[in-house]
Amino acid sequence: MNINQIDNVIREGSFQLFEGDFTNAGAASSELKNVLKEIGVDENVIRRASIAAFEAEMNVIIHGVAGTLFYSITKEEIRITVTDIGPGIPDINLAMQEGYSTAPDWVREMGWGAGMGLPNIKKNADSFTIDTVLGEGTTLEIKFYLKYFPLPKVD
Ligand SMILES: Nc1ncnc2c1ncn2[C@@H]1O[C@H](COP(=O)(O)OP(=O)(O)O)[C@@H](O)[C@H]1O
Ligand SMILES: [Mg+2]
């Protein structure tokens, strides 16, 4: 018996994220979206999880130096953990405010940095925690509870 069977993990995966790597922006969240579709998760949950994963992924690419997005799906929940080795967040309350952003001008010119990422993660998630240490990094844990057991599709 492997660890997946013990934990009842239906699917899991991880992605490396790098600051400034806009070419791969959205790769992690779009794979998660495809996996959720494949296993038949409720559309509304897919939409919310994709938004949250995308915003968390973008934050590492914009602010976080380098990091990892890890997702794990069990019959109870989708758990998305995004951890980075960036500068950390000095004031979480401020960072959580709609429209607050420290993104540099060149990032804003690309259309990012509207300061809506963290508030949107919070709005969409069933559970959301941020752990941050200045000079060490930031970890987000984002969860969505699954009311209906998604049956893995058999090809
Ligand atoms: N992973 C992170 N590392 C360091 N700072 C972050 C991180 N995520 C968010 N922040 C800080 O919180 C602010 C608000 O984040 P967010 O709401 O996603 O807006 P935006 O990314 O558009 O700036 C960011 O501008 C940044 O100062
Ligand atoms: Mg953001």
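For the colouring used on this tour, Ala, Val, Leu, Ile, Met, Phe, Trp, Tyr, Cys and Pro count as nonpolar, Asp, Glu, Lys and Arg as charged, and the others, Gly among them, as polar. Keep in mind throughout that the model on screen is predicted.

Switch to the C-alpha trace, which spans about 50 × 30 × 30 Å along its principal axes. The radius of gyration of the protein chain is 16 Å, which agrees with the value near 15 Å that a compact globule of 155 residues would have.

Next, select ligand 1, which takes up the space of the largest pocket, and display the 18 residues that surround ligand 1, the closest being His63, Asp84, Ser101, Thr102 and Gly115. Coloured by class, this shell around ligand 1 shows eight nonpolar, nine polar and one charged residues.

Now show side chains and look at individual atom pairs. At Thr102, a polar side-chain atom lies 2.5 Å from an oxygen atom of ligand 1. Turning to His63, you will find an N or O atom of its side chain 2.8 Å from an oxygen atom of ligand 1, while at Asp84 a side-chain N or O atom is 2.8 Å from a nitrogen atom of the ligand.

Finally, return to the cartoon and highlight helix H3 (43-63) and helix H6 (117-124), the elements that give two or more residues to the shell around ligand 1. Which of the elements gives the most to that shell? It is H6, with three residues.

Note on methods
Residues are numbered from 1 along each chain as its sequence is written. Chains are lettered from A and ligands numbered from 1 in the order in which they are written. This is a predicted model: local features need pLDDT of at least 70, side-chain atom pairs count only at pLDDT 80 or more; totals for chains, interfaces and linings use all residues. Side-chain values use heavy atoms; hydrogens and water are left out. A residue is near a molecule or strand if one of its heavy atoms lies within 4 Å of it. A polar contact is a pair of N or O atoms within 3.5 Å; within protein, one must be able to donate a hydrogen and the other to accept it, and residues adjacent in sequence count only if both atoms are side-chain atoms. On a 1 Å grid over the protein atoms alone, a cavity is a set of points where a 1.4 Å probe fits but cannot get out, and a pocket is an open set with protein on both sides within 12 Å along at least five of seven lines; lining residues have an atom within 4 Å of a point. A molecule sits in a cavity or pocket if more than half of its atoms lie within 2 Å of its grid points. Helices (H or I, at least four residues) and strands (E, at least two) are DSSP runs, numbered from the N terminus. The radius of gyration is taken over C-alpha atoms; the globule rule is 2.2 Å times the number of residues to the power 0.38.
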